[in-house]
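Please read the following briefing alongside the sequence and the coordinates.

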Amino acid sequence: MCGTTVGVPSAPEGAQVVEPGIDLTDKTRFSPPGSTFWLAPGTHILSSDQFGQVMPKDGNVYLGAPGAVLDGRGLNRAAFTTPAKDVVIRGLTIRGFVAERDQGVVNHDSGERWTIEGNVIEDNEGAGMMTGTGQRVIGNCLRNNGQYGINAYRFGGGLTDLVIEGNEISGNNTGDWEKKVPGCGCSGGAKFWAVNGADIVGNWVHGNHGVGLWADTNNNDFLIEDNLIEDNASEGLFYEISYNLELVGNTFRRNALVQGRTRAAKGDNFPVAAVYISESGGEPRLPARTSQIDIRGNMFSDNWSGITLWENADRFCNSPANTSTLSCTALVSPTPACSDPGIKTEPLYGDCRWKTQRVSVHQNTFEFDSTMEGCLGLCGRMAVLSNYGTFPAWSPYRGAVVSEAITFRQDNRWYDNQYYGPWTFVAHDTSRRLTAEQWKAAPYLQDTCSGFGESMTC
C-alpha cells in the first residue's frame with residue numbers, strides 16, 4: 001500500500017527481463033499468450049504518442065522489481081488495454097497517464113479475471129483502473145488520481161464477482177469533477193456501476209475529494225466489511241439506486257465534513273451523512289447473500305451525521321427526474337413500460353421505483369462532538385425521509401405518498417444501537433426534526449433497545 005516497498009525482487013524462472021529503454025509494447029506483441037515479463041528497476045516509458053500502450057494477451061503476467069516505474073509522462077492515455085483474460089499486474093508503480101473522463105489507465109477495456117496486486121497507481125488522469133468480471137484488486141495504493149481510484153464499469157454493464165481487498169484508496173478526484181460538471185456523479189475513491197456481487201473488505205478509504213465508496217445504478221449483492229473509511233470530503237459510502245447490501249464491521253470517521261459545512265453555510269437542511277442510502281433497498285427477488293440492506297456492527301465517530309435513508313419521490317424509471325436516464329430498475333424491462341396508465345397499478349406501481357426498503361440499522365455505535373465547526377444545528381442527525389412528489393404530471397407518486405411509505409411502510413428499522421452525543425432525528429421530510437424520545441415513540445417506533453449515552457436497555 002502507500003508508503004510501503006512494492007515489487008518482485010527477482011525475475012521468476014522463464015520470465016522475460018525488460019530493462020528501461022526496452023519497448024514493453026513490442027515485447028508483448030511478439031510474445032505468446034501466457035508470457036511473463038519482469039520489469040527491472042528504473043523508469044519505463046511507452047511510445048511518445050497518446051496511444052502508446054501495452055496490449056496484454058490472455059494469461060500474461062507483468063511483474064515489477066522494487067523501483068520499477070511505468071510512466072505515462074503526461075502523454076499516454078492508458079497503460080494496459082485490450083479485453084484479454086487472466087492478466088496479472090504486480091509490483092509496479094504506474095503514474096503519469098492521462099486517461100479521458102470515465103476511462104481508466106489499467107485494464108482500460110475491462111478484461112475478465114485480472115489480478116492487480118501490490119501496485120502503486122497514482123497521479124493519473126481519469127481512473128487509476130477499470131474492472132472486469134472476476135477481477136481481484138488486492139493490496140494496492142490507489143492515490144491522487146484525477147477522477148477515481150477505481151471505476152468499476154463496463155460498457156453495456158454485466159460486471160460480476162469483484163474482490164477489492166486490502167487497498168489504500170486515497171486523495172482521488174484531484175480534478176474536482178463535481179465542480180467541473182455539476183451533477184455528473186462522476187468522482188470518488190471508487191465507483192461501481194451495475195455490479196452484481198462485490199466483496200470490498202479491509203481497505204483504507206480516506207481523504208478522497210468527494211465520496212469514498214459510491215455504488216450507483218443497479219448494483220446488487222455487496223459485502224462491505226472491515227474497512228476504515230475516514231476524512232472523505234463527502235459521504236464515506238453512497239449506495240444509490242441499488243440493491244442488497246451487507247455493511248458490517250466498518251469504521252467511519254470524519255466523513256462528509258466538507259460537504260456538510262458547505263451546505264449548512266447555505267442554509268440547506270438536507271441531512272448529509274457518513275452513509276447515504278438513496279433509492280436503494282433489500283429486494284428478495286434478486287439473488288444475493290442477503291435480501292436486505294443490513295447495516296450492523298459499525299463504528300461512526302465524528303462524521304457530519306450518521307445514516308440517511310432517502311427516496312426521491314420524483315425519481316423512478318422513465319421519469320425526467322431520473323438522472324440515470326438510460327436505466328430502469330432491475331425489475332422492469334423495457335423502460336417505456338413505466339408510463340401512464342400502466343404505472344398506476346401493480347406490479348409496475350411498485351417495480352418502476354428504486355425503493356429504500358428493508359433497511360436494518362442495528363448494533364452500531366454512533367458518536368459525535370456537538371461543538372463541531374460549522375454545525376449550525378445541522379450535524380449529528382439520523383434520517384429516513386423523502387420529498388413531496390411534484391412531477392411529471394402523470395406520476396402516481398405525487399404528494400406525500402413516498403414520504404409516508406419510506407417512513408412507515410417499507411420496513412426500515414433502527415434498533416440495538418448505542419448513541420453518544422446530542423443526536424437528533426429527521427423523519428418523513430426535512431421539516432420533521434425529532435428528539436430521541438420522539439424518534440422512539442409512536443408513530444415512528446425506532447431504536448428499540450438502543451442506548452442514548454448509557455448502556456443499552458430494553
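This is a predicted model: local features need pLDDT of at least 70, side-chain atom pairs count only at pLDDT 80 or more; totals for chains, interfaces and linings use all residues.

The cover over the buried residues of helix α5 includes the strands β29 (307-311), β32 (381-386) and β35 (424-428). The helix itself spans residues 401-409, and its buried residues are Val402, Ser403, Ala405, Ile406 and Thr407.

**Helix α5 and what follows it**

- After α5 comes Asp411, whose phi is positive, near 60 degrees.

**Nonpolar cores**

- The largest nonpolar core comprises 81 residues, and the members with the most contacts inside it are Phe80, Ile94, Val106, Phe192 and Phe222.
- Another core, of 10 residues, lies apart from the largest one, and among its members are Cys317, Val332, Ile343 and Tyr397.
- Once neighbours within four places in sequence are set aside, Phe222 is in contact with Phe192, Val195, Ala198, Ile200, Ala215, Tyr239, Asn244, Leu245 and Glu246.

**Overall dimensions and composition**

- The protein has six helices and 37 strands, and 57% of its 458 residues count as buried.
- A compact globule of 458 residues would have a radius of gyration near 23 Å, and because the protein has 23 Å, the value agrees with that expectation.
- Taken along the principal axes, the box filled by the C-alpha atoms is roughly 70 × 50 × 40 Å.
- Among the contacts in the protein with a separation of 6 or more, 71% are accounted for by residues 24 or more positions apart.
- The accessible surface amounts to about 17,000 Å², and 53% of this surface belongs to carbon and sulfur atoms.

- Beyond its neighbours within four places in sequence, Glu230 is in contact with Trp204, Val205, His206, Gly207, Arg253, Arg254 and Asn255.
- Ala68 lies in strand β5, residues 68-71, and is likewise buried, with a relative accessible area of 2%.
- With neighbours within four places in sequence left aside, the contacts of Ala68 are Leu39, Ala40, Pro41, Gly42, Leu92 and Thr93.
- Ala68 and Ser360 are separated by 292 residues in sequence, and their C-alpha atoms are 47 Å apart in space.
- Gly156 sits in the loop between β14 (148-152) and β15 (159-165), and it counts as exposed because its relative accessibility is 74%, where exposed means over 50%.
- The C-alpha atoms of Gly156 and Ala194 are 9.2 Å apart in space, while the two residues are 38 residues apart in sequence.

**Backbone geometry**

- The peptide bond from Phe391 to Pro392 is cis, with omega near -5 degrees, and Pro392 lies in the loop between β32 and α5.
- A cis peptide bond also joins Ala442 and Pro443, where omega is about 5 degrees; Pro443 is placed in the loop between α6 (436-440) and β37 (451-452).
- Arg73, although it is not a glycine, has a positive phi of about 55 degrees; this residue is found in the loop between β5 and β6 (88-90) and is partly exposed, with a relative accessible area of 33%.
- Asp102, also a residue other than glycine, has a positive phi near 70 degrees; its place is in the loop between β7 (93-95) and β8 (104-106), and it is partly exposed, with a relative accessible area of 31%.

Key: Residues are numbered from 1 along each chain as its sequence is written. Side-chain values use heavy atoms; hydrogens and water are left out. A nonpolar core is a set of buried Ala, Val, Leu, Ile, Met, Phe, Trp, Tyr and Cys residues joined through side-chain atoms within 4.5 Å. Buried means under 20% relative accessible area, exposed over 50%, partly exposed in between (1.4 Å probe, protein chains only). Contact means heavy atoms within 4.5 Å. Helices (H or I, at least four residues) and strands (E, at least two) are DSSP runs, numbered from the N terminus. The radius of gyration is taken over C-alpha atoms; the globule rule is 2.2 Å times the number of residues to the power 0.38. Accessible areas come from the Shrake-Rupley method with a 1.4 Å probe; for residues, only the protein chains shown count as cover.
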